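Please look over the sequence and the model below. The report then takes up a ligand site and a strand pair.

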Amino acid sequence: MSALIVGTMALDTLETPFGAKADVLGGSAVHSGVAASFFTEVSIVAPIGEDFPQEHLDFLKSRKIDIDGLQKIKGETFRWSGYYEFDMNQAHTRETQLNVLTEFSPKLSPKLSSLPIVFLANLDPEIQLSIINQVKGPKLIAADTMDFWIKSKKDALYEVIKKVDFMLMNESEVRMFMETPNIPLAARRLLKLGVKSVIIKQGEHGALLFTENGHFSAPSYPQDTFKDPTGAGDSFAGGFIGYLAKSGDFSEENIRKALILGSTMASFNIEDFSLDRMRSLKQHEIIDRYNEFREFSKFEAIDNLW
Ligand code: AMP
């Protein structure tokens, strides 16, 4: 099944303990779209400014991503500038320049509105809602967000949460949004709002899945190479959605596999700045790492100890 991904295409300025880069390729639709493209056909809908470099579009095309739905708008591309301290688990925003994002009002073509898998990557929740209203009978909708939108568009975000199958948030965001430090309680509060499943991204510590019936914990990966966490959450989402789209199987068992593949894609993305690691990533590396994840969390039941 093909996936529609709506989000940002960005030029990021980043600083991590391993270096600094200015105006590099980023954005929620780019990181998630590239990760998903390893598993399934992807169409991206996002705004770009007149300054968006052609080489980045060529890279997306080289990943066989359909970019016909991009909207080129007069003005500058969305820009995000951030830094990470020694503990790279938390991104600190220096500046968000919305630029052409303020003019973005996507109208989906009949082809895009009928794609079965929809991922609303981190974006203005009002635009996410407009996409939800345009898609026709999707099999699955997932959405992501971040503190910027939790603070500025809380009401619209509540509406998004009511209408999606999976809501993805990172730990600090869900704590802020649900006003509790207790993650399981925050997840239960989100579920009460109407979303079917909640995925909490915990950075280097893994990811948690909460549904009405249960809970699953994806393990962390002992990362040797770690240069730039930007896009970890988006590539997690891209791997998750991409695998579900490829398999077409939304059973609990398969959702667990998708969570590990999401973690696998995030673990590769953070090995280098921007999307540089994804440019050389091979399918066999994804399978090998997935199986490593499995080894890290496999243990036997105890029947009788005393
Ligand atoms: P993450 O996967 O959470 O690390 O997301 C990183 C990407 O999110 C960066 O490449 C940014 O360009 C993009 N980004 C930052 N702020 C926003 C925002 N407010 N809305 C949408 N995308 C954003």
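## Basis

The model is predicted.

## The shell around the ligand

The ligand is surrounded by 18 residues. Asp12, Gly27, Trp149, Gly231 and Asp234 are the closest. By class, the shell holds 8 nonpolar, 8 polar and 2 charged residues.

## Polar contacts and burial

A backbone N or O atom of glycine 231 lies 2.7 Å from a ligand oxygen atom. A polar backbone atom of aspartate 234 is 2.9 Å from an oxygen atom of the ligand. Threonine 8 uses its side chain: a polar atom there lies 3.0 Å from a nitrogen atom of the ligand.

On its own, the ligand exposes 510 Å². The protein buries 90% of that area.

## The β7-β8 hairpin

β7 also takes part in a strand pair. Strand β7 spans residues 78-84, and strand β8 spans residues 91-97. The two pair in the antiparallel sense over 6 bridges. They form a hairpin, with 6 residues between the strands. Within this pair, tryptophan 80 stands opposite threonine 96 of β8.

In a regular strand, side chains alternate between the two faces of the sheet.

Note on methods. Residues numbered from 1 in each chain as written. Predicted model: local features only at pLDDT ≥ 70, side-chain atom pairs only at ≥ 80, totals over all residues. Heavy atoms only, no water. Pairing = 2+ DSSP bridges. Helix = DSSP H or I, 4+ residues; strand = E, 2+ residues; numbered from the N terminus. Near = heavy atom within 4 Å. Polar contact = N/O pair within 3.5 Å; in protein donor to acceptor, adjacent residues only side chain to side chain. Areas by Shrake-Rupley, 256 points an atom, 1.4 Å probe, with all protein chains shown as cover. Nonpolar A, V, L, I, M, F, W, Y, C, P; charged D, E, K, R; others polar.
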